[in-house]
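Subject: A structure for you to look at

Hello,

Here is the structure I promised to pass on to you. Please open it alongside this email, and then read on for what turned up in it.

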Amino acid sequence: MLFALLGILIGVVVGLILPITYSPTYALYISVAILACLDSVFGGVRANLENTFDTRIFISGFFGNAILAAFLAYIGDRLGVPLYYAAIFAFGGRLFDNFASIRRILLFKRGARKKKEEIKEE
Amino acid sequence: MKKISKFNSILFVFSILLGFLIVTQMKQNVESYNLVTLKSIQVTKNEINNAHDEIKEMKSLIEIKKGELKKIEKIKGNSNENIHDVLIEGVEETKAIAGLTDMEGPGIVIKMQDNQDTEIKGVEISDDVIHDMDILMILNDLRVAGAEAISINGQRVMPMSEIKCGGPIVKINGKSLGTPFIIKAIGDPKLLYAAVNAPGTHGYEIKNFNKINVKSNMEDNVFIPGYSGRFKFKHAKPIKEGD
């Protein structure tokens, strides 16, 4: 978790320094892709806490989900149907799901530790 | 331990990428993702065209004002007598715009008369008589066609002129006028003629359905007198520029 926050911070600084811009036409696709990436990072943290983390799954998910989400938004734009809602709902929902799992794991771990300490003290 | 550090390094790298993406997206300053429909494109296009037209008009206005300013500055350098002339010229122009001076120019003369036949053509007898509303409608048609000065039976139609029904007569500028009504208008004669005679105009309707005598002639030289009455502001007060 700490590494993730630190990494985002460094990324923000790098992004602010580098003068990279793209056409506003792509803004929608990129934003949906960002949502997918965010979900992947949360998923990675959760998997790590559950000890099921796999590098290949993480990396393929990070890029695959982002590309798929952006592609979906693009297709939706072409068809005149706001398909990016599908990506927003799916990844948004998963984001909260992952966060809920992380929360539970962290809270229960600490709770368990405290209980153990209490038992020892007794 | 080894697995965790590997996880952390990967997470670190991808978090950098994520933060980078987020910031570049934020730097785009995208305000909204409203769907663009064909209609909204059309509306926006029209707005842009209107704005362009307005800009053009304003630019031409600026040019005119610049010319006036140059004129005044030129006179300022020469002598005091000339500025007097320019001011009088300005007053004359303002008077003409206000409708206080006699005007001359190409235009049309419309003669309107009640139905003179013994036989009633309309549904009611009042359909065969010219009303204040008929005159108002025709005046509006003339104004749409670009009439620059209008008079009715020698009464100049001013911005504040009333056209009021007074039984068999019509009151304009406080004066009672009876039939036949002679409406004179200065402007593009063809346009003015069309404004009274083209199908769909009020002049055409009363001429063909109510059998009211409406005769219009294009003339090269129409004389329209200035407003002869007095006009005083009772309630309205001019606001000085810069206040």
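Let me start with one stretch of chain B. Residues 41–75 of chain B are 100% helix and 0% strand, with 51 Å between the C-alpha atoms at the two ends. UniProt, in an unreviewed entry, lists this span as a "coiled-coil region". Please keep in mind throughout that the model is predicted.

An unreviewed UniProt entry gives "transmembrane region" for residues 25–45, 57–76 and 82–106 of chain A. In the model, residues 57–76 of chain A are 100% helix and 0% strand, and their end C-alpha atoms are 27 Å apart.

**Chain B as a whole**

Chain B holds six helices and eight strands. Along the sequence they come in the pattern α-α-α-β-α-β-β-β-β-β-β-α-α-β. Of the 243 residues in chain B, 29% are buried. If you take the contacts in chain B with a separation of 6 or more, 72% of them join residues 24 or more positions apart.

**The strands of chain B**

Which strands make up the open sheet of three? In chain B the order is 4-5-6, and the pairing is antiparallel. Strand 4 (163–166) and strand 6 (175–177) of chain B are the edge strands, each with pairing on one side only. On average, neighbouring strands of this sheet are turned by 35 degrees against each other, direction ignored.

Four bridges connect strand 4 of chain B with strand 5 (residues 169–172) of chain B, in the antiparallel sense. To find this pairing on screen, look for Gly166(B), which stands opposite Ile169(B) in strand 5 of chain B. Helix 4 (residues 132–144) of chain B lies across strands 4 and 5 of chain B, and it runs at about 160 degrees to strand 4 of chain B.

Strand 1 (residues 103–113) of chain B runs antiparallel to strand 7 of chain B and is joined to it by six bridges. Here Gly107(B) stands opposite Ile186(B). Strand 2 (residues 149–152) of chain B also pairs with strand 7 of chain B in the antiparallel sense, over four bridges. In that pairing, Ser151(B) faces Lys184(B) as its opposite residue.

**Two nonpolar cores**

The largest nonpolar core has 29 residues, and those that touch the most other members are Val32(A), Val41(A), Val45(A), Phe53(A), Phe58(A), Ala69(A) and Leu11(B). Two or more residues each come from helix 2 (27–49), helix 3 (55–79) and helix 4 (84–121) of chain A, and from helix 1 (2–27) of chain B. Helix 2 of chain A gives the largest share, 11 residues. There is also a second, separate core of 26 residues, with Ile172(B), Leu177(B), Ile183(B) and Val214(B) among them.

**Aromatic rings around Phe58(A)**

Over all chains there are 12 aromatic pairs. One of them joins Phe58(A) and Phe62(A): the ring centres are 6.3 Å apart and the planes stand at 45 degrees, a tilted pair. Both residues belong to helix 3 of chain A, where they sit four residues apart, about one turn of the helix. Phe58(A) and Phe62(A) are both buried.

Why is the pair of Phe58(A) and Phe14(B) called edge-to-face? The planes of these rings are at 85 degrees, with the centres 5.2 Å apart, and edge-to-face applies because the angle is over 60 degrees. This pair crosses between chains, linking helix 3 of chain A, which holds Phe58(A), to helix 1 of chain B, which holds Phe14(B).

Are these two partners buried or exposed? Phe58(A) has a relative accessibility of 6% and therefore counts as buried, and Phe14(B) is buried too, at 8%. The cut-off for buried is under 20% relative accessible area. Finally, Phe53(A), Phe58(A), Phe62(A), Phe63(A) and Phe14(B) form one aromatic cluster.

Enjoy exploring, and do write back with any questions.

Best wishes

Key: Residues numbered from 1 in each chain as written. Chains lettered and ligands numbered in written order. Predicted model: local features only at pLDDT ≥ 70, side-chain atom pairs only at ≥ 80, totals over all residues. Heavy atoms only, no water. Pairing = 2+ DSSP bridges. Axes fitted to C-alpha atoms, helices over the stretch in contact; angles between N-to-C directions. Contact = heavy atoms within 4.5 Å. Core = buried A, V, L, I, M, F, W, Y, C linked by side-chain atoms within 4.5 Å. Buried < 20%, exposed > 50% of the residue type's maximum accessible area, 1.4 Å probe, protein only. Phe/Tyr/Trp six-rings, centres within 6.5 Å; stacked < 30°, edge-to-face > 60°. UniProt positions renumbered as here; feature names shortened; annotations may be inferred.
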